[in-house]
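Let us walk through this structure by its side-chain contacts.

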Amino acid sequence: MALERFVFDKKGTKLLQCNDKFIEQCIVPAHITSIGPSAFAGCEYLREIKLPDTLLHINQWAFYRCSNLEEIKLPDGLRSIGDYTFYQTGLKKI
């Protein structure tokens, strides 16, 4: 997975956006503590995503319209999930 596909904040701890709307699989880097609002919105081909244990926050609309995303494993230390984070996804199992 190429990190060029993503936009990060200046500290490098928040994933702000995925620039590859055709991404099918993603491993979020281990240093990420937050996924920004609408970061993966519209990534309709995303089927599989692995979240790091360091992830604390998933902001609103983060996975909006990821219609092929059927399963996601949330890290134990996750503190917050924003409104409509998984709206119009294909999730069958969390």
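Arg 47 is partly exposed, at 41% relative accessibility. The cut-offs are these: buried means under 20% relative accessible area, exposed means over 50%, and partly exposed lies in between (1.4 Å probe, protein chains only). This is a predicted model, where local features need pLDDT of at least 70, side-chain atom pairs count only at pLDDT 80 or more, and totals for chains, interfaces and linings use all residues. Residues are numbered from 1 along each chain as its sequence is written, and side-chain values use heavy atoms, with hydrogens and water left out.

What does Arg 47 form a salt bridge with? The partner is Glu 24, and the closest N and O atoms are 3.4 Å apart. A salt bridge here is a side-chain nitrogen of Lys or Arg within 4 Å of a carboxyl oxygen of Asp or Glu. Arg 47 sits in the loop between strand 4 (34-35) and strand 5 (48-50), while Glu 24 sits in the loop between strand 2 (14-18) and strand 3 (25-27), so the pair ties together parts 23 residues apart in sequence. Strands are DSSP runs (E, at least two residues), numbered from the N terminus. Glu 24 is partly exposed, with a relative accessible area of 42%.

The structure holds four salt bridges. One of them joins the side chains of Glu 44 and Arg 65, at 2.6 Å from N to O. Glu 44 lies in the loop between strand 4 and strand 5, and Arg 65 in the loop between strand 6 and strand 7, so this pair ties together parts that are 21 residues apart in sequence. Glu 44 is partly exposed at 32%. Arg 65 is partly exposed at 33%.

Glu 70 forms a salt bridge with Lys 92. Their closest N and O atoms are 3.8 Å apart. Glu 70 is in the loop between strand 6 and strand 7, and Lys 92 is in the segment after strand 7, so parts 22 residues apart in sequence are tied together. Glu 70 counts as partly exposed, at 41% relative accessibility. Lys 92 counts as exposed, at 68%.

Now turn to the rings. Rings of Phe, Tyr and Trp (its six-membered ring) pair if their centres lie within 6.5 Å; planes under 30 degrees apart count as stacked, over 60 as edge-to-face and the rest as tilted. By this rule there are 10 aromatic pairs. Trp 61 and Tyr 84 form a stacked pair, 4.8 Å centre to centre, with 15 degrees between the planes. Trp 61 lies in the loop between strand 6 (57-58) and strand 7 (80-81), and Tyr 84 in the segment after strand 7, so the pair ties together parts 23 residues apart in sequence. Trp 61 is partly exposed, at 31% relative accessibility.

Tyr 64 and Tyr 87 have ring centres 5.9 Å apart and planes at 5 degrees, so this pair is stacked. The pair links distant parts of the chain: Tyr 64 is in the loop between strand 6 and strand 7, and Tyr 87 is in the segment after strand 7, 23 residues apart. Tyr 64 is partly exposed at 25%. Tyr 87 is partly exposed at 39%. Phe 6, Phe 8, Phe 40, Phe 63 and Phe 86 form one aromatic cluster.

Conventions
Helices (H or I, at least four residues) and strands (E, at least two) are DSSP runs, numbered from the N terminus.
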